[in-house]
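Please read these notes with the model open beside them.

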Amino acid sequence: PNVGTGTFLVKGMTAHVFINLGATRSFVSLALNKKFSDAPQILDYPLEVEVADDCSMNASRDYYGCVVNLFNEIYANDLVPIPLRASKVITRMD
């Protein structure tokens, strides 16, 4: 379940962030990830991601240790790029 949304800093860039307690991974939109200066790492195995309407896709890359500033707290998140609208991030919270 989503516990909050807002505009926060992700790798120093403004992004709309959805905080989701039920997510097992964190994701970044393709539009925002194009602005990242570093290259993503290749995952050891492809990740199957289920999105809305029971559709699924495979993801094979990950940005490790991305700095996300939520409510003036710094978190390091691994972000998997997937198609999302605009500059968005879905982040899991433990």
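**Notes on the model**

1. Phe8 counts as buried because its relative accessibility is 11%, where buried means under 20% relative accessible area, exposed over 50% and partly exposed in between, with a 1.4 Å probe and protein chains only. Before going on, note that this is a predicted model in which local features need pLDDT of at least 70 and side-chain atom pairs count only at pLDDT 80 or more, while totals for chains, interfaces and linings use all residues. Residues are numbered from 1 along each chain as its sequence is written, and side-chain values use heavy atoms, with hydrogens and water left out.

2. How many aromatic pairs are there? The count comes to two. The rule is that rings of Phe, Tyr and Trp (its six-membered ring) pair if their centres lie within 6.5 Å; planes under 30 degrees apart count as stacked, over 60 as edge-to-face and the rest as tilted. Phe8 and Phe71 make an edge-to-face pair, with 4.9 Å between centres and 70 degrees between planes. This pair links distant parts of the chain, 63 residues apart: Phe8 belongs to strand E1 (residues 2–10), and Phe71 to the loop between strand E5 (55–70) and strand E6 (73–82). Helices (H or I, at least four residues) and strands (E, at least two) are DSSP runs, numbered from the N terminus.

3. Phe71 counts as exposed because its relative accessibility is 59%. Its backbone also deserves a look: Phe71 has a positive phi of about 55 degrees although it is not a glycine.

4. Phe36 and Tyr63 form an edge-to-face aromatic pair, at 4.8 Å centre to centre and 85 degrees between the planes. Phe36 is in the loop between helix H1 (30–33) and strand E4 (41–51) and Tyr63 is in strand E5, so the pair ties together parts 27 residues apart in sequence. Both Phe36 and Tyr63 are buried.

5. What lies over the face of Phe36? Lys11 does, at 4.4 Å from the ring centre. The criterion for a charge over a ring is NZ of Lys or CZ of Arg within 6 Å of the ring centre and within 35 degrees of the ring normal. Lys11 sits in the loop between E1 and E2 and has a positive phi of about 55 degrees although it is not a glycine. Lys11 counts as partly exposed because its relative accessibility is 26%.

6. Side chains of opposite charge can pair when their charged atoms come close. A search of the whole structure finds two salt bridges, each being a side-chain nitrogen of Lys or Arg within 4 Å of a carboxyl oxygen of Asp or Glu. Asp38 forms a salt bridge with Lys11, and their closest N and O atoms are 2.5 Å apart. The two residues are in distant parts of the chain, 27 residues apart, with Asp38 in the loop between H1 and E4 and Lys11 in the loop between E1 and strand E2 (13–20). Asp38 is partly exposed, with a relative accessible area of 35%. Asp38 and Tyr63 are 25 residues apart in sequence and 8.3 Å apart in space, C-alpha to C-alpha.

7. Asp62 forms a salt bridge with Arg25, with 2.9 Å between the closest N and O atoms. This pair links distant parts of the chain, 37 residues apart: Asp62 in strand E5 and Arg25 in the loop between E2 and strand E3 (26–29).

8. Two strands pair if DSSP finds at least two bridges between them. E3 and E6 run parallel and are joined by four bridges; Ser26 stands opposite Leu79 in E6. E3 and strand E7 (residues 88–92) run antiparallel and are joined by two bridges, and the bridge partner of Phe27 in E7 is Ile90.

9. The second largest pocket has a volume of about 190 Å³. Twelve residues line this pocket, and the closest to its centre are Ser26, Ala76, Asn77, Asp78 and Arg92. E6 gives the most to the lining, with four residues. On a 1 Å grid over the protein atoms alone, a pocket is an open set of points where a 1.4 Å probe fits, with protein on both sides within 12 Å along at least five of seven lines; lining residues have an atom within 4 Å of a point. Grid points are joined across faces, edges and corners, and the volume is the space filled by probe spheres set on the points.
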